[in-house]
Amino acid sequence: METDGECREEDGTESFQAEKQRLIQPASLKDPKLEKLKETLIYWINSTLKVEHIVVQSLEEDLYDGLVLHHLLSRLAGVHLSVEEMALTSTAQIHKLEVILEELDKRLGQGDSSRIKWNVKLIHNKDLLATIHLLVAMVRCFQPELALPPNVKVEVVVVEVSQSGIKSEIQTEVLTEERDAGSDSPSNTKREDPIEQLLKLEAHKVNTVKQAILHFVNQNMSTMGLQVADLDKQFADGVILLLLIGQLEGFFIPLYDFILTPVNSSEMLRNVTLALDLLNDSGLQVSSVEPQDIVSQDITATLKVLYALFRKHSGK
């Protein structure tokens with residue numbers, strides 16, 4: 001059975017000696033920051049490909065054959081390559097990845113091949129490090145407004161086999177930069193989520209924006225006889241959020257589609273998941289917000305959703 005980074009010939013020797021092997025240290029694999037980055041990337045992929053009914057559960061196991069990367073390239077860049085939809089053999093998968101990565105590398109501005117942190121062999125061998133590097137580069141290029149977890153680093157053991165023996169060293173690999181890195185650059189300032197920027201300001205400025213959003217919400221809910229007093233708590237069960245989305249987007253959500261009086265977190269989660277799905281279907285994507293964030297009364301996540309609606313519909 002092949003391990004991460006291996007691609008063996010008949011006896012496995014020549015290929016192994018030809019390059020350095022880079023493996024994430026087991027301790028780093030359990031790092032909560034890495035786990036959050038993986039979850040965010042999976043959520044981003046599934047949100048992007050939802051209309052195509054493609055669901056990714058594992059970055060290691062679901063991207064190696066090229067199918068997901070092919071569809072991402074098509075959805076994000078409008079590129080349609082002449083490759084087979086389902087590559088079942090290893091040879092077909094490698095050929096498909098070659099075509100996809102050649103196109104991706106051009107669009108990601110990866111001119112110097114020696115500096116690229118992924119390649120066909122690594123992706124096909126389910127190398128997690130290479131796969132994450134590729135996906136992060138794709139997010140930065142195609143959807144820079146998506147807020148990835150900042151400052152994610154892993155310890156990597158680099159093993160080199162030569163005629164004189166085996167040499168290994170441990171290095172720190174940066175997967176995402178610190179949030180403040182390059183903050184003087186206007187482009188980076190634009191890319192940071194506006195709500196995350198807001199919450200760094202003084203309390204009275206945050207409160208002013210919250211009051212403006214609250215006024216916007218109540219303006220649109222008044223025709224239904226509903227009033228919101230607490231942004232932090234009243235959206236956690238998903239009911240008012242669903243009614244607000246229906247009111248703003250101009251469609252009716254049948255009562256049988258959601259739970260009008262949820263009594264536990266599972267029922268709340270069902271409501272909020274439906275709400276976020278409706279937002280996504282209407283083309284309004286909210287960065288790095290998952291249903292459980294709203295249910296757990298995460299004010300940052302709640303404000304991101306409400307601000308996205310406010311930005312789209314205020315002034316109409």
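Here are a few notes on the salt bridges in this predicted model.

1. Overall count. I'd start with the total: the structure holds 10 salt bridges.

2. Arg22 and Glu173. In this salt bridge the closest N and O atoms sit 2.2 Å apart. The pair ties together distant parts of the chain, with Arg22 in strand 1 (residues 21-24) and Glu173 in strand 3 (residues 165-174), 151 residues apart.

3. Lys38 and Glu35. Here the closest N and O atoms are 3.9 Å apart, which still counts because the cut-off is within 4 Å. Both residues belong to helix 3 (residues 32-48), and they are separated by about one helical turn because they lie 3 residues apart. Lys38 is buried, with a relative accessible area of 13%, whereas Glu35 is partly exposed at 31%.

4. Glu103 and Arg107. This pair makes a salt bridge with an N to O distance of 2.8 Å. The two residues are 4 residues apart in helix 6 (residues 90-107), so about one helical turn separates them. Glu103 comes out as buried, at 15% relative accessible area, and Arg107 as partly exposed, at 39%.

Methods: Residues are numbered from 1 along each chain as its sequence is written. This is a predicted model: local features need pLDDT of at least 70, side-chain atom pairs count only at pLDDT 80 or more; totals for chains, interfaces and linings use all residues. Side-chain values use heavy atoms; hydrogens and water are left out. A salt bridge is a side-chain nitrogen of Lys or Arg within 4 Å of a carboxyl oxygen of Asp or Glu. Buried means under 20% relative accessible area, exposed over 50%, partly exposed in between (1.4 Å probe, protein chains only).
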